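The exercises below ask you to read a structure step by step, and each one is followed by a worked solution. Please keep the sequence and the structure in view while you work.

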Amino acid sequence: MKLKQGNTEIVKQELWQDKFRLDLYGLLKKNAVPILFAVICIIGSYFAKLPLKFLLNFIIIRMCRNSFLVLSLIIPVLAGLGLNFGIVLGAMAGQIAVIAITYWEIKGIVGFALAALLALPLAIIFGWLTGMLFNRAKGKEMIAGLILGFFANGIYQLVFLFFVGTIIPMKNEYMLLSTGVGLRNSVNLKGIHYALDKILEVRISGLEFPVVTIVCIIILCLAIWFLFKTKLGQEFRSVGQSRQIAGVSGIKVDKIRIIATIFSTVLAAWGQLIFLQNLGTLNTYGSHVQVGTFAVAALLIGGASVTRATIGQALLGTFLFHTLFIISPLAGKNMLGNAQVGEYFRAFVAYGVIGISLALYAWQSSSKKRTVEE
Amino acid sequence: MDTKFLLQMRNISKEYFGNRVLKEVNLDVKEGEIHALIGENGAGKSTLMNILFGMPVIHSTGGFEGEIFFKGKKVEIKTPKDAMDLEIGMVHQEFMLLPGFSVTENIKLNREKTKHNLISRLFGSKLKSLDFKSMRKDARIALDTLGLSIDEMLPIAGLPVGYMQFVEIARELDKKNIKLLVFDEPTAVLTEVEAETLINTMKMLADKGISILFITHRLEEVLKVSNNITVLRDGEVVSSLPAKDATVEKLAELMVGRKIERVSSKRKRIDELNKKAGNTILKIEGLKVEMPGERVRGVTLEIKKGEIFGLGGLAGQGKIGIANGIMGLYPGEGKIIVNNKEIQLNNTASALKNGLAFVSEDRRGTGLLLDQPIDLNIAITAIQCQNKFLRKSLINLADRRSITNHALKMIEELDIRCTGPHQLVRRLSGGNQQKVCIARALTLEPDILLVSEPTRGIDVGAKKLVLDLLVKLNREKGMTIVITSSELGELRSICDRIAIIYNGKVEGILTPDASDKEFGLLMAGEKSRRREVS
Amino acid sequence: MEEANRTEALNVSNIITAVGYPRLIICSFLLFLLISAALLGLPLGQLVSSILVRLGMNGILVLAMIPSIQSGIGPNFGLSLGVVCGLVAATLSIELDMVGLSAFAFSIIVAAILGSIVGYFYGLLLNRVKGQEMTVGTYTGFSVVSFMCIFWILAPYKSPEMIWPYGGDGLRVTITLQDRFDKVLNNLFAFKLFNVEIPTGLLLFFALFCFMVWLFMRTKTGLAMLAAGSNPRFAEASGINVNSCRIIGIVISTALGAIGIVVYAQSYGFIQLYTAPLFMPFFAVASILIGGASIKKATITHAVIGTFLFQALLVVALPVANEVVANNLSEVVRIIISNGMILYALTRKEAGGDEVEAG
């Protein structure tokens with residue numbers, strides 16, 4: 001037994017050394033993605049020639065608008081479901097609620113709160129269905145989520161283009177198309193515009209902070225942090241590491257995966273509400289389509305991967321991605337004389353960064369499989 | 001008998017799809033004893049343990065016959081949870097540890113200590129906070145019981161293998177009041193020193209009143225640690241004896257002893273072969289193969305033309321790796337000489353082109369295209385390696401008709417039971433699938449046929465047919481056959497010589513009529529162990 | 001055993017499983033649509049010719065799925081890589097001021113060459129991401145399409161037919177082929193039969209490609225690819241290089257995608273640039289799945305039947321929907337059916353059930 005203890009000390013030391021080494025030169029490697037995008041952003045901002053205050057205000061607006069959506073991706077990542085492209089369904093739940101309260105003309109923070117309440121059961125149902133689908137497509141959750149988003153979009157269009165005004169009785173000349181069937185392409189949400197943002201706004205040296213929205217985001221961050229300190233959070237993480245071992249230990253794997261998906265979908269629904277109240281108009285058939293892609297891209301740019309994501313990465317990623325979003329058309333225009341180039345460039349970046357990180361993930365997991373076998 | 005029995009399994013029988021794997025097995029474990037359960041692979045040890053743990057695989061295949069008594073009471077164990085509730089614990093052969101979790105988190109996996117907080121009072125106990133402080137304390141106690149001083153907050157990833165094993169044990173100990181602990185081949189992955197510590201730990205646990213069921217095939221360990229021994233062979237208890245009455249030789253004999261059917265007088269044939277000595281067809285020199293779980297650590301063999309050569313040994317000792325290494329399916333190094341010509345290692349095509357053919361032990365995984373028809377399965381390797389069945393024209397178009405005709409010929413020759421050459425292989429029975437594999441190998445017209453586990457997972461009647469077929473090929477076509485099998489009886493019934501592989505090396509070569517004891521000792525690696533000592 | 005099989009074949013439920021629920025539903029839906037079309041007095045002849053045109057027009061794009069599925073990569077969600085190659089080739093033929101069949105032939109050849117080159121590198125990528133080909137493929141496709149958007153703006157094309165007329169940058173979104181190779185195949189040997197216009201040239205061209213793919217799958221290389229796709233470990237044990245088989249599969253698939261879009265454009269009469277190719281792979285994937293393929297197994301028959309059913313549905317649904325409800329419905333139906341079909345294939349347990357995952 002003596003010998004054993006001696007060994008332990010050595011192991012301990014080695015592990016500590018390992019950690020130390022990692023800290024030194026692993027830091028750069030580990031954060032390569034955010035560093036790269038930070039550099040791109042800095043160069044881009046230089047060429048965009050935007051006044052700094054202007055740029056910062058834009059960034060604050062967009063951070064407040066999008067952080068919630070990006071944060072909604074963290075739970076499924078840690079529960080081993082990968083990047084949940086299915087949050088598109090959550091966004092739809094949010095939009096359905098918004099359409100309802102706009103139709104009923106319930107305004108202000110009351111309308112917003114009601115929308116949040118309405119979106120909840122819808123999102124729970126959507127999340128539950130998504131989770132069941134993911135359980136049937138284990139190992140293919142991401143592509144299934146992506147396609148599910150497209151599919152649900154088709155259903156959504158069917159409902160709001162053809163059912164509204166026919167099967168679903170709705171009469172409102174501002175919302176419906178001139179034929180009386182189908183919603184207009186864009187719906188004015190002036191009722192809940194800035195419902196959250198403008199409750200309390202603070203100006204600090206020319207920068208505007210929508211305090212309540214920021215508080216909401218902070219509460220969400222704390223809630224996620226708290227969740228992973230609880231029994232449920234521990235079960236998410238266990239399932240995320242190994243479905244098999246978690247199952248053998250008596251954790252109901254499928255159920256936990258569904259719960260994780262529901263959490264994510266509900267958060268996405270509320271995230272979409274925050275997004276819409278800030279924007280003030282609903283692009284009926286477009287607002288939700290890119291939610292999944294953009295949120296995923298933001299999370300990945302922050303340095304997250306298919307299996308690891310933190311709150312910090314989500315926030316950093318939102319910051320970098322939306323900075324890029326703001327500056328790239330302007331930078332494109334100033335550099336190449338064409339704003340569209342910049343727009344396509346950011347689409348390219350969003351898709352590219354997802355593609356690359358998925359490829360890296362597949363690459364690593366296949367090489368890991370090899371070493372485990374050995 | 002004044003001691004009480006903790007666990008009694010009475011007349012346990014189990015069938016898998018008509019295959020009887022356990023026959024009226026009785027197992028009695030006393031309170032506070034270390035009971036060893038030994039037997040070859042396929043003897044039924046793991047099935048018995050699956051029954052004890054109520055694993056779904058048992059109940060989804062029709063359950064079992066017999067009764068289990070625990071602490072004198074009859075119990076029904078339908079799920080692993082039932083077993084856990086009875087305070088039966090298991091240390092798995094494969095680690096059930098999450099690499100990204102700390103030692104503490106793994107020890108307390110799904111048994112985390114929690115405490116209420118404001119939110120959990122509102123939304124239910126799932127949202128209780130983890131009480132890390134008390135979890136750490138529990139983990140520390142469990143680790144200290146084992147005399148393990150590692151930091152309980154270290155992550156599992158990066159710990160040496162031996163430590164992981166102890167963390168597993170610590171987890172079982174942490175389940176309070178554990179009464180029976182099953183160790184499933186715990187020393188298989190450990191170094192000598194680690195195994196020593198483990199054995200001491202087991203003794204210590206037994207002293208605390210925990211009964212231990214110890215599954216292994218390392219015979220020396222059994223003698224060192226256990227009080228009583230139960231030996232399984234072919235699904236039956238062949239002996240149940242106190243450890244003090246056992247010796248390594250006796251146990252080995254019990255484990256492998258079989259009634260052997262002699263196919264022909266071996267002596268004569270070996271003499272015949274010896275006369276033709278020098279006709280070495282396959283020479284293996286210093287072969288090392290990196291096959292997971294079946295590592296080969298330097299094998300040198302000479303195989304004579306026209307013989308049936310057997311490779312035997314216990315699972316995990318490397319016998320399977322030899323043929324796979326020769327065929328280049330797993331990375332290897334060394335020298336392979338076929339017909340005085342060295343073939344390139346790690347190159348399957350080169351092996352196939354130089355007169356070797358291989359029937360894999362992994363029939364469904366490596367041996368067949370399950371969703372393709374029989375005829376394509378038989379022909380495809382020959383098409384790819386030898387350009388057979390191709391119409392010679394500008395493009396190498398396959399000749400469907402000759403493929404089908406060849407398949408028909410093979411179906412008749414090997415008596416493959418099927419609806420026709422276009423039937424999908426998946427629909428065939430195990431024995432017929434095996435024949436398709438052999439037909440594919442024969443289509444290559446090899447000088448040497450390597451066959452691994454030819455009778456694994458096929459029913460008794462078909463087993464004999466496959467073995468007879470191999471003998472026929474050898475006698476009639478003069479084909480040299482190297483057969484790898486876990487079933488020693490099978491090797492002894494058809495081989496001319498048998499090499500026993502232990503620890504990735506050749507432990508010894510025997511003739512089939514050598515005694516059970518000799519085989520047993522070689523398989524248990526006693527010979528090389530003694531060599532080391534002396 | 002034989003007897004058991006025979007009774008099995010007679011079983012009704014087995015017939016349903018053999019045909020598959022999705023196809024049964026789609027067939028009955030199609031039948032329902034056709035009857036309604038007849039009742040509404042829609043010109044059936046016109047509908048049939050338009051189905052035939054769209055079969056030939058989309059067929060090769062769907063055919064492109066076969067080599068990628070057979071080689072074990074699964075449906076080629078990165079087909080847009082091939083599509084942009086075809087678009088480059090077609091725009092090049094206009095830039096070089098070529099007309100008629102020669103322009104078409106030039107486009108096809110350049111498309112095939114470009115597609116093969118791109119496919120090779122794409123194959124190298126896919127070999128490193130085994131198991132995640134679908135997601136990686138999708139996003140590779142998406143990002144390449146976005147990248148090509150920049151290319152269309154910045155590339156130094158000069159032909160006035162293609163660039164924006166009033167000093168805008170780069171190529172137009174839609175380029176007409178009217179004076180180039182619009183419908184050169186459709187009109188080749190075309191004739192009329194009972195009010196049905198038969199686009200002979202187009203159908204022959206499609207048939208030719210079907211035959212070539214069929215032939216290829218029966219060559220030594222094709223069989224090696226089949227083995228590599230259905231069981232990589234078997235293939236290795238037969239001395240087949242699995243990785244190069246996969247590369248061959250994706251090269252052919254990408255080249256077919258490139259050729260396919262040129263054929264599509266000539267039939268459509270326009271080249272659509274920028275984000276138009278973004279979702280093309282999904283419709284091609286859905287078509288072959290509708291035809292009865294799975295993400296592991298696909299044949300020529302699957303491709304032909306699938307394209308036919310899918311296109312017929314859209315062609316018939318459009319005017320019927322116009323009569324009954326509102327316009328644009330067929331686009332929505334297309335999205336729902338195609339993505340629903342892919343979802344079905346992703347969640348379906350493969351026949352035989354060997355796919356039980358660890359855990």
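**Exercise 1.** In this predicted model, find how H5(A) and H12(A) are oriented to each other.

*Solution.* Begin with the axes of helix H5 (residues 87-103) of chain A and helix H12 (residues 291-301) of chain A, which come within 8 Å and cross at roughly 125°. Angles from 65 to 115 degrees count as roughly perpendicular and those over 145 as roughly antiparallel, and H5(A) and H12(A) are therefore oblique to each other. Next, take the handedness: the crossing in which H5(A) passes H12(A) is right-handed. Finally, list the residues that make the contact, which are Ile87(A), Val88(A) and Ala91(A) on H5(A), together with Val291(A), Gly292(A) and Ala295(A) on H12(A); five of the residues in this contact are nonpolar, one is polar and none is charged.

**Exercise 2.** Check whether the length of helix H8 (residues 192-207) of chain B agrees with its number of residues.

*Solution.* At 1.5 Å a residue, the 16 residues of H8(B) should span 22 Å, and because the end C-alpha atoms are 23 Å apart, the two values agree. Then look along the helix, where the buried residues include Glu194(B), Leu198(B) and Met202(B). After H8(B) comes Gly209(B), whose phi is positive, near 100°.

**Exercise 3.** Describe the side of chain A that touches chain C.

*Solution.* First, count: 43 residues of chain A are in contact with 38 residues of chain C. Second, note that H14(A) gives the largest share of this side of chain A, 16 residues. Third, sort the residues of this side by type, which gives 27 nonpolar, twelve polar and four charged.

Technical notes:
Residues are numbered from 1 along each chain as its sequence is written. Chains are lettered from A and ligands numbered from 1 in the order in which they are written. This is a predicted model: local features need pLDDT of at least 70, side-chain atom pairs count only at pLDDT 80 or more; totals for chains, interfaces and linings use all residues. Two residues are in contact if their C-beta atoms, placed from the backbone, lie within 7 Å. Helices (H or I, at least four residues) and strands (E, at least two) are DSSP runs, numbered from the N terminus. Ala, Val, Leu, Ile, Met, Phe, Trp, Tyr, Cys and Pro count as nonpolar, Asp, Glu, Lys and Arg as charged, and the others, Gly among them, as polar. The expected span of a helix is 1.5 Å times one less than its number of residues. A residue is buried if 20 or more other C-beta atoms lie within 10 Å of its own, exposed if 12 or fewer, and partly exposed in between; C-beta atoms are placed from the backbone. Axes are lines fitted to C-alpha atoms, for helices over the stretch in contact, and angles run from 0 to 180 degrees between N-to-C directions. Angles under 35 degrees count as roughly parallel, over 145 as roughly antiparallel, 65 to 115 as roughly perpendicular and the rest as oblique. A crossing is left-handed if the near helix is turned anticlockwise from the far one by less than a right angle, and right-handed if clockwise.
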